[in-house]
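Subject: Structure handover and notes

Hi,

Please have it open while you read.

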Amino acid sequence: MMPALRKQIGRNAGVMTREVIFETADGIEVESREGYDVTRKRVLYEEILLVTFHRTTGWPYVILFGLVAVIFGTLAVSLIPEPVLPITFGILALPFLAVCVVRLVLKLDYVTVFGRRSKAVMRFAIRKRRARETYGRICSRTMEVQRAMIEPEPRMSAPVDEPPAPPALE
């Protein structure tokens, strides 16, 4: 038996889990990795109830990186009499500040697919067009499959032979 073709359409990473989301012919497949455990779940196109697209900032991320940037920036300003340390701490603060500003400007795009028993969450940090394309592709494919389930397929009717005429009574 030949395996179904899978195309990766998104990722989602949490504190302890990493998820890779694939599109198959039947639906959306989520491969979740928690340490050494790998689990797979599917959201079939037939069972999709809702597909959402939303944007969020992710305040814990912004606060954490902003706090680290402030700490390094404060060390850089407080150590001005020394010639090398302020420059070092200032250079260390810049990447954290840049990451914080990029997140505030671009935010995170989420595409969530809700099924009857499971869901798939895809997170897009920078590629906003890909997030919209993924959302559109999932919606259109879902509508196509669910409409095909509702509309009966036209059946070819076999020609029916007429029964022979009854014999004439004389």
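Ile 63 counts as exposed because its relative accessibility is 57% (buried means under 20% relative accessible area, exposed over 50%, and partly exposed in between, with a 1.4 Å probe and protein chains only). Two notes on provenance before I go on. This is a predicted model, in which local features need pLDDT of at least 70 and side-chain atom pairs count only at pLDDT 80 or more, while totals for chains, interfaces and linings use all residues. Residues are numbered from 1 along each chain as its sequence is written, and side-chain values use heavy atoms, with hydrogens and water left out.

**The nonpolar patch**

Ile 63 lies in helix H1 (helices are DSSP runs of H or I with at least four residues, strands are runs of E with at least two, and both are numbered from the N terminus). Ile 63 belongs to a nonpolar surface patch together with Trp 59, Leu 94, Leu 97, Val 101, Val 102, Leu 104, Val 105, Leu 106 and Ile 126, and their accessible area together is about 980 Å². Areas come from the Shrake-Rupley method with a 1.4 Å probe, and for residues only the protein chains shown count as cover. Patches are made of residues with over 30% relative accessible area and no salt bridge, where like charges are joined within 9 Å and nonpolar side chains (Val, Leu, Ile, Met, Phe, Trp, Tyr) within 5 Å. Helix H1 (59–78) and helix H2 (85–106) each supply at least two of the patch residues, and H2 gives the largest share, with seven.

**The three-stranded sheet**

Next comes an open sheet of three strands in the order S5-S6-S7, paired antiparallel (two strands pair if DSSP finds at least two bridges between them). S5 (50–56) and S7 (119–124) are the edge strands with a single partner strand each, so one side of each has no neighbour in the sheet. From one strand to the next, the twist averages 15 degrees. Axes here are lines fitted to C-alpha atoms, for helices over the stretch in contact, and angles run from 0 to 180 degrees between N-to-C directions.

S5 and S6 (residues 108–114) are joined by seven antiparallel bridges. Along this pairing, His 54 stands opposite Tyr 110 and Thr 56 opposite Leu 108. Helix H3 (residues 128–150) packs on the sheet and touches S5, S6 and S7, with its direction at about 165 degrees to that of S5; contact means heavy atoms within 4.5 Å.

Is S6 enclosed or open? Six of its seven residues are buried, so S6 is largely enclosed by the rest of the structure.

**Asp 109 and its partners**

Asp 109 stands opposite Phe 124 in S7, and its 0% relative accessibility is why it counts as buried. Asp 109 forms a salt bridge with Arg 55, with the closest N and O atoms 2.5 Å apart (a salt bridge is a side-chain nitrogen of Lys or Arg within 4 Å of a carboxyl oxygen of Asp or Glu). Because Asp 109 lies in strand S6 and Arg 55 in strand S5, the pair ties together parts that are 54 residues apart in sequence. Arg 55 is partly exposed at 44%. Asp 109 also meets Lys 128 in a salt bridge at 3.8 Å, N to O. Lys 128 lies in helix H3, so this pair links parts 19 residues apart in sequence. Lys 128 is buried at 12%.

S2 (residues 18–23) and S3 pair antiparallel over six bridges, and a hairpin joins them through three residues. Val 20 has Glu 31 as its bridge partner in S3. Eight bridges join S3 to S4, again antiparallel, and Gly 27 stands opposite Leu 44 in S4. Two residues lie between S3 and S4 in their hairpin, where Gly 35 in the turn has a positive phi of about 65 degrees.

Glu 31 is buried at 6%, and it forms a salt bridge with Arg 33, the closest N and O atoms being 2.6 Å apart.

Happy browsing!
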